[in-house]
Amino acid sequence: MVYLLFIFYTVFFCWLINRLRFFKKSGLSSGVLIVLFLFRVISGIVNGYISSNYYTISDAVEFHKQGLAEYNLLFSNPYEYLTNLFHSNYNSYSHFLETSASFWNDLRTNIITKLLSIFDLFSARDFYINNLFFNFLIFFGGIYLYKVFFKIFPNHRYIIIICIFLLPSLIYFTSGIHRDGIIYLLLSIVIYEVQNILEKKTYPWKKILSIIVLLSLILLLRNFVIIALIPALAAWVIGVYLRKKALVSFLIIYSIATVAFFCSGLLSPKFDLPQRVSLRQIEFIKISKRSTSGIDINPLLPSLKGFIHNMPQAFNHSIMRPYLNEKGNFFYIPLAIEIFVYEVLFLLFIFYRNQIPTTPFICFCFFFSLSMFMLIGYTIPITGAIVRYRSIYLPLVVIPITCLIDWTRVKHDVTYLKIVIHNIFHKRLEI
């Protein structure tokens with residue numbers, strides 16, 4: 001019965017994709033959209049199976065169990081169900097930046113479990129059908145992001161499709177029931193709405209309010225993302241008005257943001273951001289001792305000197321791991337191959353790039369993504385978590401890098417190299 005219900009909902013969502021105006025205005029044919037959605041569905045099944053069968057502790061499975069508890073609560077105590085999202089179990093609503101024993105820290109999980117309890121009303125409380133609902137929701141994020149990048153690179157449709165819908169780590173980690181997929185969705189909508197506002201140069205209060213709500217949700221789900229996102233958005237907006245000096249706006253805003261970050265402790269110890277990042281690293285180090293993919297990491301001192309000292313290691317962890325020869329989980333092999341491909345693309349970008357347009361949006365993509373990569377590298381000593389956290393920001397750098405490569409020159413040089421190798425080979429045969 002559950003299998004038939006899963007098939008029914010899959011067909012239903014494909015029908016919606018073919019009918020909804022949002023998808024019709026995406027610039028992609030219904031056939032392509034359905035195929036891309038089905039890739040996500042398959043990835044969700046694989047993610048769910050691996051989470052359920054290969055890990056002793058799985059966030060997705062725990063979310064599902066808590067969602068079932070919320071579902072049962074709806075029928076046993078409706079009032080508690082409708083109000084418990086706003087209850088604190090600690091007799092306090094303070095400690096917003098704490099990583100444990102905090103109402104705000106628990107809220108990140110409670111939001112997802114409440115969403116799953118709603119899914120349970122229609123899914124026969126099945127884990128995989130909930131996953132299907134979740135993926136249909138997250139699929140909207142990919143469409144929003146596609147619309148943004150297609151305006152910037154209209155001649156690179158296939159590159160954009162691959163980088164948004166088919167990157168292995170992105171599709172895998174956002175297809176499982178977790179915060180990453182929701183943050184990816186919220187971030188995509190924010191980028192889309194900001195671009196629309198700046199493009200039309202009108203400021204409707206409804207769109208501005210929606211952006212504020214979306215940013216607030218990101219803040220509740222993963223507060224440190226806002227640390228990198230706010231200065232990037234501010235520099236993007238200012239850069240649009242500076243036009244040809246967009247890069248200058250980013251350098252100025254990020255210089256101010258860096259000073260504010262390291263001086264935040266002067267306001268109050270509660271808002272000491274370097275200290276909070278350091279404490280976050282300590283919490284992850286404790287978790288890494290129970291993980292099979294834990295890696296060594298230098299303790300992060302909450303000072304400018306400490307951050308500079310850890311910068312090379314943070315860069316290495318967040319952008320280079322996992323290595324091709326890295327020992328550990330078998331599932332990291334395709335992820336290591338993926339990151340190696342990105343490294344090759346970056347080298348091609350260095351030697352074969354077209355002129356880099358320092359447009360505000362391109363600057364936003366690079367500055368925001370690099371900021372997130374560094375925050376991840378500073379705090380997370382677990383390969384699996386690094387790959388998952390990093391995945392949702394990859395399109396913002398992979399798309400510009402790939403689209404700005406002069407592929408005609410690459411093809412020409414590859415052809416020339418083939419000819420040289422062929423001639424050398426034949427000369428040796430003659431000898």
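Tutor: The model is a predicted one. Its second largest cavity is lined by Leu 145, Tyr 184, Leu 187, Ser 188, Ile 191, Ile 392 and Leu 396. The volume of this cavity is about 30 Å³.

Student: Which helix gives the most to the lining of the second largest cavity?

Tutor: The lining includes Tyr 184, Leu 187, Ser 188 and Ile 191. Helix H10 spans residues 179-200, and 4 residues of the lining come from it. The helix that gives the most is H10.

Student: How many residues of the lining of the largest cavity are polar?

Tutor: The largest cavity has a volume of about 40 Å³. Its lining consists of Phe 6, Val 41, Gly 44, Ile 45, Tyr 128, Asn 131, Leu 132 and Asn 135. Gly counts as polar here. With 5 nonpolar and no charged residues, the number of polar ones is 3.

Student: Which helix gives the most to the lining of the second largest pocket?

Tutor: This pocket has a volume of about 570 Å³. Of its 21 lining residues, those closest to the centre are Ile 319, Phe 346, Phe 373, Val 397 and Ile 401. H15 (304-320), H16 (332-352), H17 (360-379) and H19 (394-403) each supply at least two residues of the lining. With 7 residues, the one that gives the most is H16.

Notes:
Residues numbered from 1 in each chain as written. Predicted model: local features only at pLDDT ≥ 70, side-chain atom pairs only at ≥ 80, totals over all residues. Heavy atoms only, no water. 1 Å grid on protein atoms, 1.4 Å probe; cavity = no way out; pocket = protein on both sides within 12 Å on 5 of 7 lines; lining within 4 Å. Points joined across faces, edges and corners; volume = space filled by probe spheres on them.
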